[in-house]
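User: I am new to this structure and would like to be taken through some of its features.

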Amino acid sequence: MAATVLLPSGSNVSVKVHPVVLFSICDAYTRRKENQDRVIGTLLGVVADNVIEVKNCYVVPHNESSEQVMVDVVHHKTMFELHQKVAPHESIVGWFATGSDLYNSDALIQEFYSKESTHPVHMVVDTTLKDEKFSVQAYTSRVLALGDKVLATEFIEIPCDTIVGDIERVGAELMLTGFNDPSPDGRQKETANKSFSDETETLAASMARLADLVAKASDYVDGVMSGKVVGDPAVGRYLADTVALVPHLARPDFERIFNESVQDSMVVTYLSDLLRAHVGLAERLGTAALPIM
Amino acid sequence: MTRACAFEGSAPRQHKELVKTVQLEGQVLLKIIQHCSEALPQLVTGQLLGLDVGQQLEVTDCFAFPAAVADDDAEAESAGANYQLEMMRCLREVNVDNNTVGWYQSANMGTFQTLELIETFINYHENIKKCVCIIYDPQRSSRGNLALKAVRLKESFIELSKEQKLTLKGFREAGLSWRDIFVELPIKVRNSNLVQALVADLIPAPTATQADVDKLNLSVAPFLERNIQSLVECVDDIVQEQQKVTMYHKTVARQQQLYSAWLVKRRQENTQRLQDNLEALPEEDPTLFKPIPEPSMLDNYLVTNQIATYCDQINIAASEAIQKLFLMESMQKAGL
């Protein structure tokens with residue numbers, strides 16, 4: 001990713017993409033029409049303080065040949081109106097295209113989108129997996145003019161990051177750590193598809209990962225202590241703060257808190273089981289439907 | 001990619017393949033999560049699109065419904081239908097499967113067993129035989145686990161409700177209990193190869209993630225409190241339902257009494273009239289004693305279902321809490 005380039009207006013713009021958008025783009029690429037090489041579409045999102053957050057996207061049908069490019073504007077407008085009904089705060093922030101490079105027709109499409117929004121962002125998603133890497137790049141455009149005559153449009157790369165929102169974390173990470181089995185031949189393995197409600201196993205897995213992390217941190221500290229690794233003072237301070245956060249409780253205090261919490265949980269479990277037994281009993285005796293007293 | 005569609009059995013045998021599992025694409029999962037959590041505290045719904053392949057329902061795309069504004073019912077309904085048609089038309093242009101296979105909705109604390117859900121299911125069922133509803137609970141998901149489930153109505157229940165026999169006798173005859181209204185289906189998540197590459201590249205190898213930290217959170221009291229409160233409300237509902245049934249039985253009994261008293265009087269009158277050589281009055285008078293309709297057991301059963309869900313949730317949360325507490329205890333003993 002290129003370093004931030006100062007645009008003429010002096011603004012540092014950067015782009016943050018939600019994973020939903022990338023997933024949709026990949027899906028659209030798989031579904032493209034036979035004669036098309038790439039897919040283009042509109043990006044929706046919010047702009048805040050020079051950070052453009054791309055939250056949603058939709059595909060726009062288009063036709064391009066070496067001479068001209070046609071974009072289905074009606075479709076674009078209709079979809080935008082529909083999306084506005086659901087999420088009125090999202091606006092058009094740019095457009096995306098799959099493929100590995102910029103095409104000549106991009107300039108025209110960029111011009112069309114600059115009528116829809118100020119400073120549209122052009123995102124290129126490399127679905128051909130060139131260099132064995134899945135790259136996502138964002139560009140903003142600048143018009144090169146000589147006096148009044150417009151010569152060309154220059155695309156300048158801007159930093160592009162993927163952010164995972166709070167709740168999406170859960171879904172995305174679930175896909176990585178349990179469900180998604182990136183086997184080389186892409187076969188769906190039955191073992192990879194655990195049930196969503198496998199709570200105890202996931203708790204054990206979480207603890208294992210946390211233990212791993214702690215082990216890594218402790219290895220790092222050992223390395224620094226023995227002089228093998230050059231210590232970074234920021235990391236050291238951070239670790240010290242984290243360890244200081246662990247509360248040191250006197251034994252009787254800890255026991256008291258522990259017992260209270262366990263008792264709370266037990267009593268609640270008991271009540272819920274009691275209720276369930278009651279309902280089951282009423283059902284069998286038929287008293288749920290007949291007057292009992 | 002070729003996909004085969006399921007064929008329904010020939011008409012005389014009426015053999016239908018039931019949906020046994022639901023397969024979601026990764027992007028559907030993320031879209032549902034994004035839409036439901038952004039719209040909090042409002043509850044939202046959306047449409048699921050995909051294909052049904054034998055016993056598995058594949059959901060390949062979804063879109064959100066605009067939040068219903070209850071200004072004018074007729075207008076809102078037609079606007080909603082228009083939105084749906086427009087969206088489907090646009091999606092068809094970009095080769096998205098535009099078969100409706102169900103809908104998704106967000107639920108508050110797992111409450112989804114409502115009459116509206118059943119009515120929506122029955123509406124859908126008239127057009128599509130295999131439809132499913134995905135319930136997402138954003139509040140439970142914020143505790144580190146993904147609270148997503150897929151439900152559909154049981155076949156026998158659908159037939160029963162079509163015949164309008166939702167009374168106790170109807171249920172007993174069909175051999176159904178309150179457990180047999182909804183069927184929960186296992187969910188699988190599938191991603192195409194390209195998306196798998198994306199996922200592998202996007203987020204680095206799993207170390208302890210933020211979700212893990214959420215899961216290991218020791219504070220379980222607020223969640224339990226909310227659950228118990230909802231449970232208490234449910235129990236109140238069920239007591240009300242029981243009272244309704246009791247009232248019904250009392251009214252029937254009273255009606256019987258009145259009827260027998262009236263019958264005796266009629267008979268007396270008749271003997272009197274026979275003596276006077278007049279025609280005897282009929283002994284039945286349907287207009288005076290209308291049969292009282294039996295209350296539907298559906299609400300009762302739905303509330304019972306709800307109670308069962310809450311109890312399950314509480315059990316799971318409490319057992320998790322106990323596990324975490326014991327872990328803490330052993331860590332304390334070992335370390336300090």
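Analyst: Two strands pair if DSSP finds at least two bridges between them. The model discussed here is predicted.

User: In what order do the 8 strands of the open sheet in chain B lie?
Analyst: The sheet is open and its pairing is mixed. Strand E7 (182–185) and strand E8 (187–190) of chain B are the edge strands, each pairing on one side only. Neighbouring strands are turned by 35° against each other on average, direction ignored.

User: Which residue in E4(B) is the bridge partner of B:Thr45?
Analyst: Strand E2 (residues 45–53) and strand E4 (residues 100–106) of chain B pair in the antiparallel sense over 5 bridges. Within E4(B), the partner of B:Thr45 is B:Gln105.

User: What is the handedness of the crossing of H2(A) and H3(A)?
Analyst: The axes of helix H2 (residues 73–86) and helix H3 (residues 106–116) of chain A come within 13 Å and cross at roughly 35°. On the H2(A) side, A:Val73, A:His76 and A:Lys77 meet A:Phe112, A:Tyr113 and A:Glu116 of H3(A). These contact residues comprise 3 nonpolar, 1 polar and 2 charged. The crossing is right-handed.

User: What is the volume of the second largest cavity?
Analyst: The model has 4 cavities of 30 Å³ or more. Of the 14 residues lining the second largest cavity, the closest to its centre are A:Arg32, A:Gln36, A:Val39, A:Val59 and B:Val94. By class, its lining has 7 nonpolar, 3 polar and 4 charged residues. The volume of this second largest cavity is about 110 Å³.

Technical notes: Residues numbered from 1 in each chain as written. Chains lettered and ligands numbered in written order. Predicted model: local features only at pLDDT ≥ 70, side-chain atom pairs only at ≥ 80, totals over all residues. Heavy atoms only, no water. Axes fitted to C-alpha atoms, helices over the stretch in contact; angles between N-to-C directions. Helix = DSSP H or I, 4+ residues; strand = E, 2+ residues; numbered from the N terminus. Left-handed = near helix turned anticlockwise from the far one by under 90°. Contact = heavy atoms within 4.5 Å. Nonpolar A, V, L, I, M, F, W, Y, C, P; charged D, E, K, R; others polar. 1 Å grid on protein atoms, 1.4 Å probe; cavity = no way out; pocket = protein on both sides within 12 Å on 5 of 7 lines; lining within 4 Å. Points joined across faces, edges and corners; volume = space filled by probe spheres on them.
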